[in-house]
Amino acid sequence: MIFDHIGFNVSDFATMRSFLTASLEPLGIGIVKEADGWAMIGRDGKGQFWFGSFGAPPGPIHLAFAAQDREQVRRFHAAALAAGAKDNGAPGLRPHYHPNYYGAFVIGPDGHNFEAVCHNPQA
């Protein structure tokens with residue numbers, strides 16, 4: 001990863017916290033630190049992405065989270081939909097990116113396009 005961490009503002013911290021907690025749990029991603037109005041998420045206690053309510057949220061952006069396998073991609077998609085996201089691309093291969101690109105896309109709070117992607121070749 002080229003970034004140490006990334007962060008952005010959201011319009012409703014509680015809504016985004018609930019959505020990300022539920023959606024990213026299948027990927028082994030969770031909150032590693034939080035305080036009033038912000039939270040840092042990551043894996044294995046290492047925060048890499050924070051969100052908070054410190055100003056105006058950006059226009060819709062795309063965030064892709066790494067999945068270890070295709071099953072995690074499917075579980076992310078199902079969890080995100082259950083958490084209130086809108087489907088923006090069911091789990092599947094996207095060979096126009098590369099032959100093993102397996103991803104799923106949802107539109108979450110504030111109109112952001114969230115993705116889980118696995119690049120490993122699998123059956």
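**Group meeting: a predicted α/β chain, residue by residue**

Ser-23 has a relative accessible area of 0% and is therefore buried; buried means under 20% relative accessible area, exposed over 50%, and partly exposed in between, with a 1.4 Å probe and protein chains only. The model I am presenting is a predicted one, in which local features need pLDDT of at least 70 and side-chain atom pairs count only at pLDDT 80 or more, whereas totals for chains, interfaces and linings use all residues. Residues are numbered from 1 along each chain as its sequence is written, and side-chain values use heavy atoms, with hydrogens and water left out.

Let me stay with Ser-23. Ser-23 sits in helix α1, residues 13-24. Helices here are DSSP runs of H or I with at least four residues, strands are runs of E with at least two, and both are numbered from the N terminus. Which residues does Ser-23 touch, leaving aside its neighbours within four places in sequence? They are Phe-76, Ala-79, Ala-80 and Ala-83, where contact means heavy atoms within 4.5 Å.

Ala-83, one of those partners, belongs to the loop between α2 (70-82) and β6 (86-93). Its relative accessibility is 32%, so Ala-83 counts as partly exposed.

Pro-26 is located in the loop between α1 and β2 (30-35), and with a relative accessible area of 6% it is buried. Apart from neighbours within four places in sequence, its contacts are Gln-72, Arg-75, Phe-76 and Ala-79. Phe-76 and Ala-79 are also listed among the contacts of Ser-23. The C-alpha atoms of Pro-26 and Val-73 lie 8.1 Å apart, although 47 residues separate the two in sequence.

I now turn to the chain as a whole. The protein chain has two helices and eight strands, and their order along the sequence is β-α-β-β-β-β-α-β-β-β. Its radius of gyration is 14 Å, which agrees with the value near 14 Å for a compact globule of 123 residues; the radius is taken over C-alpha atoms, and the globule rule is 2.2 Å times the number of residues to the power 0.38. The C-alpha trace spans about 45 × 30 × 25 Å along its principal axes. Of the 123 residues, 40% are buried. Among contacts with a separation of 6 or more, 54% join residues 24 or more positions apart.

What of the aromatic residues? A search of the whole structure gives seven aromatic pairs; rings of Phe, Tyr and Trp (its six-membered ring) pair if their centres lie within 6.5 Å, with planes under 30 degrees apart counted as stacked, over 60 as edge-to-face and the rest as tilted. One of these involves Phe-49 and Phe-65, whose ring centres are 5.9 Å apart and whose planes meet at 75°, so the pair is edge-to-face. Phe-49 lies in strand β4 (residues 46-52) and Phe-65 in strand β5 (residues 62-66), so that the pair, 16 residues apart, links distant parts of the chain. Both Phe-49 and Phe-65 are buried. Together with Phe-8, Phe-13 and Phe-51, they form one aromatic cluster.

Two aspartates deserve a remark on backbone geometry. Where is Asp-44 placed? Asp-44 is in the loop between β3 (38-43) and β4. Its phi is near 55°, a positive value in a residue other than glycine, and its relative accessible area of 74% makes Asp-44 exposed. Asp-110 lies in the loop between β7 (102-107) and β8. Asp-110 also is not a glycine, and its phi is positive at about 65°. With a relative accessible area of 27%, Asp-110 is partly exposed.

Asn-120 and Pro-99 are 21 residues apart along the chain, and their C-alpha atoms are separated by 9.7 Å.
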